[in-house]
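Reader: Could you take me on a close look at the sheet and whatever packs around it? I would enjoy one connected walk through that part.

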Amino acid sequence: MELKEVEVFSTVVNAAVVRVPGRKFPGVVIQGDSLSILRSDVREARKLAAAAAGSEEAREELAAVLEELEDKLAGYLTVYEETLRAHGMALPYGTGTTVD
């Protein structure tokens, strides 16, 4: 393990925005349990996608799981974009995805 100083831009629960040495842009720290939940959501979506071809119910479940996953990721992205804007920093990818 190395001890390094990082720049902390936001400590929002489950979406801290930090910049590690050597990086131009900050990143979002996702807690391990939240990361595990995201992976579980993707696994569930993959299973439902395999079953969706012949089942309307599976397609509806798949759509719901994907919407939930998108909402979770959008939450992280919103925190990230708002934090960078609050610190007068440009986004590393175009214009952003959240509405001002």
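Author: Let us start with a term: two strands pair if DSSP finds at least two bridges between them. Helices (H or I, at least four residues) and strands (E, at least two) are DSSP runs, numbered from the N terminus. This is a predicted model, in which local features need pLDDT of at least 70 and side-chain atom pairs count only at pLDDT 80 or more, while totals for chains, interfaces and linings use all residues. Residues are numbered from 1 along each chain as its sequence is written, and side-chain values use heavy atoms, with hydrogens and water left out.

Now to the sheet. Between β2 and β3 there are three bridges, in the antiparallel sense; Ala16, for instance, has Val29 of β3 as its bridge partner. The sheet is open and has three strands in the order β1-β2-β3, with antiparallel pairing. Because β1 and β3 (27-29) each have a single partner strand, they stand at the edges, and one side of each is left without a neighbour in the sheet. From one strand to the next, the twist averages 40°.

In the loop between β1 (7-10) and β2 (16-19) you will find Asn14. Its phi is positive, near 70°, although Asn14 is not a glycine. Most residues other than glycine have a negative phi. Asn14 is partly exposed, at 33% relative accessibility (buried means under 20% relative accessible area, exposed over 50%, partly exposed in between, with a 1.4 Å probe and protein chains only).

Next comes the helix. α2 lies across β1, β2 and β3 and runs at about 55° to β2 (axes are lines fitted to C-alpha atoms, for helices over the stretch in contact, and angles run from 0 to 180 degrees between N-to-C directions; contact means heavy atoms within 4.5 Å).

The largest nonpolar core has 11 residues, among them Phe9, Ala15, Val17, Tyr80 and Met89 (such a core is a set of buried Ala, Val, Leu, Ile, Met, Phe, Trp, Tyr and Cys residues joined through side-chain atoms within 4.5 Å). Helix α2 (residues 56-86) supplies the largest share of this core, five residues. Leaving aside neighbours within four places in sequence, Phe9 touches Val17, Val18, Arg19, Pro26, Thr83, His87 and Met89.

Tyr80, one of the core residues, is buried, with a relative accessible area of 6%. Partly exposed Tyr93, in contrast, has 31%.
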